[in-house]
Amino acid sequence: MASVMLSEEEGALESRMALTAAAMADKSRSRMLCALMDGRAWTATELSAVADVSASTASAHLARLCEQRFVVALAQGRHRYFRLAGPEIAELLERLMGVAWATSTPRKITTPPGLRHARTCYDHLAGEVAVRLFDTLVSRQWLTPDGETLTSLGQEKLAQMGIVLVGSASRRKLTCGCLDWSERRYHPGGVLGASLLRWLIEKRWIKTELSGRRVTFTPLGIRKFETEFGIKTTR
């Protein structure tokens, strides 16, 4: 009887997995999800323009994404906004982007140079500079090579810099290696990645665009990245 129950549970899980995968198996919905990777909340009208579909079609797609808990709707007065349901969804999408890039034929990098250099990945930094930052944290023994553990030395050094790991008490991982889809190497993810991005913005080392994921470095940031981390941000 136990084996029958297990089989039923497995069947239910397989069905849920199929529904989850199907929610992303539409090009228009994929475009919407990619747009939401900038971490902002978008209106249905804005997302319909991104996906190049009618407003009614966009609403149907968003309803499907909400149902599968990829996206949540936020009410602000008379307006409704949509954003990714959480960092775990953003991390899943980033990994899928990496798989999609790796299996594409021919394997030619088509990412715009600016985005490949530095961009946001939901709530943390991604791109060439972020990958170099990950490597620096590992080489200084602040972070383990798999990105899964922040060492005591790393905690001490980050605290000295004033980097507070906000959200460490949540269910989200304190730190993890997030596979960068354009670089095919790790950049800092988890609470650590989010805290680093927040700190970089507060320190005015970087600027994020109001529309889009591209990141630019301020003159102060260019200097500080080199003096503090030994990373050149100019191309």
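At 26% relative accessibility, Arg 64 counts as partly exposed; buried means under 20% relative accessible area, exposed over 50% and partly exposed in between, with a 1.4 Å probe and protein chains only. The model is a predicted one, so local features need pLDDT of at least 70 and side-chain atom pairs count only at pLDDT 80 or more, while totals for chains, interfaces and linings use all residues. Residues are numbered from 1 along each chain as its sequence is written, and side-chain values use heavy atoms, with hydrogens and water left out.

Arg 64 is found in helix 4. Helices here are DSSP runs of H or I with at least four residues, strands are runs of E with at least two, and both are numbered from the N terminus. Setting aside neighbours within four places in sequence, Arg 64 is in contact with Leu 19, Ala 22, Ala 23 and Arg 29, where contact means heavy atoms within 4.5 Å. Ala 23 sits 41 residues from Arg 64 along the chain, yet their C-alpha atoms are separated by 6.7 Å.

Now for the helix pair. Two packed helices are described by the angle between their axes and the distance between the axes. The axes of helix 2 (residues 27–35) and helix 4 (residues 55–67) come within 10 Å and cross at roughly 70°. That makes helix 2 roughly perpendicular to helix 4: under 35 degrees counts as roughly parallel, over 145 as roughly antiparallel, 65 to 115 as roughly perpendicular and the rest as oblique. The axes themselves are lines fitted to C-alpha atoms, for helices over the stretch in contact, and angles run from 0 to 180 degrees between N-to-C directions. On the helix 2 side, Ser 28, Arg 29, Met 32 and Leu 33 meet Ala 58, His 61, Leu 62, Arg 64 and Leu 65 of helix 4. Sorted by type, the residues of this contact are five nonpolar, two polar and two charged; Ala, Val, Leu, Ile, Met, Phe, Trp, Tyr, Cys and Pro count as nonpolar, Asp, Glu, Lys and Arg as charged, and the others, Gly among them, as polar.

Helix 4 also lies across strand 2 and strand 3, running at about 115° to strand 2. Three strands form an open sheet in the order 1-3-2, with antiparallel pairing. Strand 1 (42–43) and strand 2 (71–76) are the edge strands, each pairing on one side only. Strand 1 and strand 3 (residues 79–84) pair over two bridges; two strands pair if DSSP finds at least two bridges between them. Thr 43 has Tyr 81 in strand 3 as its bridge partner.

What about charges? Side chains of opposite charge can pair when their charged atoms come close. The whole structure holds five salt bridges, each a side-chain nitrogen of Lys or Arg within 4 Å of a carboxyl oxygen of Asp or Glu. One of them joins Glu 183 and Arg 116 (2.5 Å, N to O). This pair links distant parts of the chain, 67 residues apart: Glu 183 is in the loop between strand 6 (176–179) and strand 7 (186–189), and Arg 116 is in helix 6 (residues 113–117). Glu 183 is buried at 15% relative accessibility, whereas Arg 116 is partly exposed at 22%.

Another joins Arg 132 and Glu 128 (4.0 Å, N to O). Both lie in helix 7 (residues 128–139), four residues apart, about one turn of the helix. Arg 185 forms a salt bridge with Asp 135, with the closest N and O atoms 2.3 Å apart.
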